[in-house]
Amino acid sequence: MNRAELLLQFFAGRKDCFTQQQEDGSYIRVARELTPEVLEQHVQGSITIGSYLVVPVINRVQVGVIDLDSKTPQCKERVLWLKHWLEHFGLKPLIEPSGNKGYHLWLVFKAWLLASDVQRLLKAAVRAAEEALGKPDYLVEIFPKETMVTEGKFGSGVKLVWGVHRKTGKRTTFVDETFQPLEDWGVPVVEALPAVPEGDLQAILLEFPAEPAPPPRTEAPKSYALPCFGKMLAGVPEGSRHIASFRLACHLARQGMPEQRALATLLEWDASSNHPPLGQKHIERNLKDGYSGKYKLGCADIETLGFCQPDCPIKRKAYQESDDRLEVTPPVIERLVELNCNPPAYLVTVQGKMVQIDGDDLFELKSFIKKVGMSAHVVPCQRMKQKDWYAEIHRAFSHIIMEKDTQAPTIEAEIDTTEGRTKLPPIQPDSDESEVINRIYTWLRNAPKAINAPDVDAGRPILRDQEFCFKVDDAVTYLKSKHHLAIKRQTLYTTLKRAGGYRKSTRLDEGVFDLWRLPYKPSHEKVVEQKEESSPLDLEF
């Protein structure tokens, strides 16, 4: 037999579908028959195939696998210990480097055995190894993971031997106890393996009694409903729909609701309670993020939206059963002191409490609320919008106090009510920020201009309506590659705002881009004359 035929006859589980490994190491399910032609592509290296080991309904397998995710000498020792332990019972395990970061120990039975019996044997082997060698500091998994797979379900899959790991590019094969490849891919060894009758496995398992089934749960299921989410489910105003739908998704994931049911719930909520609705595209994206497991409930966001309720158990616990924080209404900032440091930082006084805050956090309302709320024990600016916050910042900057300076210089600020934009305090001449803006203008003037959507994707700016339109990431890349300036995006946001820039959706051809805009300036309007080939300045932010 060739390798593809061996895989189909002795390794693969169900034949009506399989998994295919992607370039990042993940797997997708392929709903078509697993044939010798597909497996031939696997052994040739053009694709990499995994098999669902458990056949549904009958719940039987013909292989078992122990997966050890490490390549340390201690892991090799454990692999050999497990191999010898299984050989003591007359079995013939085979070692395969996984192609990534560990080893697979295969048991090829050449017979269809109950998945529950195979799993019980492998668990006994892993427990025996832990008793002899101690608990490993790496992951050890057994396959099959499931003892029962119903019709329409698939269970867990395992990458088959003799393929190429798509992430590392390494081909796998069976190896001996010195971890050197077996002759002829180990095909003669596989062909010589004896079949393991079900009775022989049952005789081995007599030494290892089955684990007792866990007692049924008698306690009532816990309720995780929070009052803030009930209020959000009643509908949210325009401007709050995006963050509310995302936080609702996080809450439903926390409750354990299946993702498809959560999607139906949020779509019904959006259609019936929100006017206008947010739309299915945004709901699906927020649901995917909420179910990723990366995010918590987000009490700060919920409180900012005004949905936090005094009877919330989380709030009561966080504030000793009573919320004694003060809610601050504008004017919020009582005193603003600019510290003599780089990057810029400020001392902000709110309700008599002094808090040090970075420049980026000061200009962004949500960041300011989180910082001040935690440090000053207040709830500032409930329901205030970002453009209103800019006006508050302008008022504070008009009375700013420089560190070690008794004079309070006035910084003029202009609020542009057209299109709802606000201009931040202007950049001072001969400052580091003015140097950065001049370099960006040099790039905007000299770079070829975009005339279609692919040009924008390629990093070219647009000149439209006496304004330069560009992506911030392209500006960051330009500054780093041409002038060796590593500037964070958030820092550049603030600099662009102070230079009169703003963000706006821009349509070109059939594409819509979220671009930053700067007013057009000819070359003679630069604050400091720059040349593209000039040596990089040592600027700090």
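Buried means under 20% relative accessible area, exposed means over 50%, and partly exposed lies in between, for a 1.4 Å probe and protein chains only. At 9% relative accessibility, Ser70 therefore counts as buried. The model is predicted: local features need pLDDT of at least 70, side-chain atom pairs count only at pLDDT 80 or more, and totals for chains, interfaces and linings use all residues. Residues are numbered from 1 along each chain as its sequence is written, and side-chain values use heavy atoms, with hydrogens and water left out.

## Overall composition

The secondary structure of the protein comprises 19 helices and 18 strands. Helices (H or I, at least four residues) and strands (E, at least two) are DSSP runs, numbered from the N terminus. Of the 541 residues in the protein, 47% are buried. Contact means heavy atoms within 4.5 Å. Among contacts between residues at least 6 apart in sequence, 66% join residues at least 24 apart.

## The sheet of E1, E2, E3 and E8

Four strands form an open sheet in the order E2-E1-E3-E8, with antiparallel pairing. Its edge strands are E2 (27-30) and E8 (157-159), each of which pairs on one side only. Neighbouring strands of this sheet are turned by 35 degrees against each other on average, direction ignored. Two strands pair if DSSP finds at least two bridges between them. Strands of a sheet pair through backbone hydrogen bonds, either parallel or antiparallel.

Strand E1 (residues 18-21) runs antiparallel to E2 and is joined to E2 by four bridges. Thr19 has Arg29 of E2 as its bridge partner, and Gln21 stands opposite Tyr27 in E2. The hairpin of E1 and E2 has five residues between the strands, and in this hairpin Gly25 takes a positive phi near 95 degrees.

## Two helix pairs

Axes are lines fitted to C-alpha atoms, for helices over the stretch in contact, and angles run from 0 to 180 degrees between N-to-C directions. Angles under 35 degrees count as roughly parallel, over 145 as roughly antiparallel, 65 to 115 as roughly perpendicular and the rest as oblique. A crossing is left-handed if the near helix is turned anticlockwise from the far one by less than a right angle, and right-handed if clockwise. The packing values of two pairs are tabulated below.

| Helix pair | Angle | Axis separation |
|---|---|---|
| H3 (73-87) and H4 (115-133) | about 125 degrees | 10 Å |
| H9 (259-273) and H10 (280-290) | about 140 degrees | 10 Å |

H3 and H4 are therefore oblique to each other, and H3 passes H4 in a right-handed crossing. On the H3 side, the contact is made by Glu77, Arg78, Trp81, Leu82, Trp85 and Leu86, while H4 contributes residues including Leu121, Val126, Glu130 and Leu133. The residues of this contact divide into twelve nonpolar, no polar and three charged. Here Ala, Val, Leu, Ile, Met, Phe, Trp, Tyr, Cys and Pro count as nonpolar, Asp, Glu, Lys and Arg as charged, and the others, Gly among them, as polar.

The angle of about 140 degrees between H9 and H10 makes H9 oblique to H10. H9 passes H10 in a right-handed crossing. From H9, the residues Glu259, Ala262, Leu263, Leu266, Leu267, Trp269 and Asp270 meet Gln280, Ile283, Glu284, Leu287 and Lys288 in H10. Seven nonpolar, one polar and four charged residues make up the contact of H9 with H10.

## Loop residues

Ser70 lies in the loop between strand E4 (60-68) and H3. Beyond its neighbours within four places in sequence, Ser70 is in contact with Cys75, Lys101, Gly102, Tyr103 and Tyr138.

Pro144 is placed in the loop between strand E7 (140-143) and E8. A cis peptide bond joins Phe143 and Pro144, with omega about 10 degrees.

The loop between E8 and helix H5 (187-192) holds Trp162, and Asp184 is found in this loop as well. Trp162 has a positive phi near 70 degrees, in a residue other than glycine. Asp184, also a residue other than glycine, has a positive phi near 55 degrees. Trp162 is buried, with a relative accessible area of 0%, whereas Asp184 counts as partly exposed at 48% relative accessibility.
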